[in-house]
Every structure is written in structure tokens, then in C-alpha cells.
Amino acid sequence: MQIKLIAPVAALALGAASLFAQAAQTITGTVSDAMCGAHHMMKDATAAQCTRECVKRGSDYALVSGGKVYTLKGDKAQFDKFAGESVVVKGKVSGVTISVDSITASKS
Ligand SMILES: [Cu+2]
């Protein structure tokens, strides 16, 4: 009876995932947009210009970090200031979405 074994394991995994989702995390990355991710599509524009243009067209702000692209939820006026730049984001990660508590320029 495999199903009986799998169910408790799945419940444990879900429990662990929701624990991670609730804890605030610090993630370093680059502010981009969800449509382009790590690779901006507009060849003649800077990363910042492309990010702002894509957001204007309905995309969300995103954070590119270590090959992952997170969608940023929060104050868009704040994200706009850091378009195309390296930042440190503090917030709650849930899957590929970050509910941003704070965003500051990376000092690297
Ligand atoms: Cu773009």
C-alpha cells in the first residue's frame, strides 16, 4: 500500500514549505521584470529602461537571483527606483513570489 506511505510524507513536505513561506528571507539579486526575467528583450534599451517599459505594458517587477526569477509584490514605486540594479530584498518568499518588506541597493 504505497498511498498510505506517501500521504504523511506529502503532508510533512507541505508543512515544511509553508514554514519557509512565512519566514522573512533576505535575497540578493537584480530588479527586472517578470516578462524578460534574466534576459531583456529590447536590444536598444538598458536593463532599467526595458524593465520599466515591460512593467508599463503590464508585466510585474521581478527579482533575478541565482538563475531564479521571483515576482515582486509590494510598492511598485519603490521597485521602480531600483530597476536594472543590484538590490537586497527582504520579504516573505512563497513559491516564486516575494512579498517585499524592504528593498535596498546592494553594496557589492
Ligand atoms: Cu523587459
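Student: In β5, which residue is the bridge partner of lysine 90?

Tutor: This is a predicted model. β4 and β5 pair in the antiparallel sense, over eight bridges. Within that pairing, the β5 partner of lysine 90 is serine 102.

Student: Which residue in the hairpin of β4 and β5 takes a positive phi?

Tutor: Two residues sit between the strands of this hairpin. The positive phi is near 65 degrees, and the residue that takes it is glycine 95.

Student: In what order do the five strands close into a barrel?

Tutor: The chain has three helices and five strands. Along the sequence, they follow the pattern α-β-α-β-β-α-β-β. The pairing in the barrel is mixed. Neighbouring strands are turned by 55 degrees against each other on average, direction ignored. The barrel order is β1-β2-β3-β5-β4.

Student: How many bridges join β1 to β4?

Tutor: β1 and β4 run antiparallel. One of their bridges pairs threonine 28 with valine 88 in β4. The number of bridges joining β1 to β4 is seven.

Student: Which residue in β3 does alanine 62 stand opposite?

Tutor: Strand β2 covers residues 61-65, and strand β3 covers residues 68-73. They pair in the antiparallel sense over four bridges. Opposite alanine 62 stands threonine 71.

Student: What angle does the direction of helix α2 make with that of β1?

Tutor: Helix α2 spans residues 47-56 and packs on the sheet. There, α2 touches β1 and β2. The angle between the directions of α2 and β1 is about 90 degrees.

Student: Within what arc do the buried residues of α2 fall, seen down its axis?

Tutor: The buried residues of α2 are Ala47, Cys50, Thr51, Cys54 and Val55. An α-helix has 3.6 residues a turn, so residues three or four places apart point the same way. The buried residues of α2 line one face of the helix, because they fall within an arc of 130 degrees.

Student: Which strands are included in what covers those buried residues of α2?

Tutor: Helix α2 packs on the sheet. Its buried residues have a cover that includes β1 and β2.

Student: Which element gives the most to the largest nonpolar core?

Tutor: The largest nonpolar core has 19 residues. Those with the most contacts inside it are Val31, Leu63 and Leu72. Two or more residues come from each of α2, β2, β3, β4 and β5. The most, four residues, come from α2.

Student: Which residues does leucine 63 touch, not counting residues up to four places away in sequence?

Tutor: Leucine 63 is among the residues with the most contacts inside the largest core. In soluble globular proteins, nonpolar side chains tend to be buried together. With those sequence neighbours not counted, leucine 63 touches Ile27, Gly29, Val31, Tyr70, Leu72, Val89 and Ile98.

Student: Does glutamate 85 count as buried, partly exposed or exposed?

Tutor: Glutamate 85 is found in the loop between α3 and β4. A residue needs 20 or more C-beta neighbours within 10 Å to be buried, and 12 or fewer to be exposed. Glutamate 85 has 15 inside 10 Å, so it counts as partly exposed.

Student: What distance separates the C-alpha atoms of glutamate 85 and serine 106?

Tutor: Leaving aside neighbours within four places in sequence, glutamate 85 is in contact with Thr30, Val31 and Ala105. Serine 106 is 21 residues from glutamate 85 along the chain. Their C-alpha atoms are separated by 8.2 Å.

Note on methods. Residues are numbered from 1 along each chain as its sequence is written. This is a predicted model: local features need pLDDT of at least 70, side-chain atom pairs count only at pLDDT 80 or more; totals for chains, interfaces and linings use all residues. Two strands pair if DSSP finds at least two bridges between them. Axes are lines fitted to C-alpha atoms, for helices over the stretch in contact, and angles run from 0 to 180 degrees between N-to-C directions. Two residues are in contact if their C-beta atoms, placed from the backbone, lie within 7 Å. A nonpolar core is a set of buried Ala, Val, Leu, Ile, Met, Phe, Trp, Tyr and Cys residues joined through C-beta atoms within 7 Å. The arc is that of the directions from the helix axis to the C-beta atoms.
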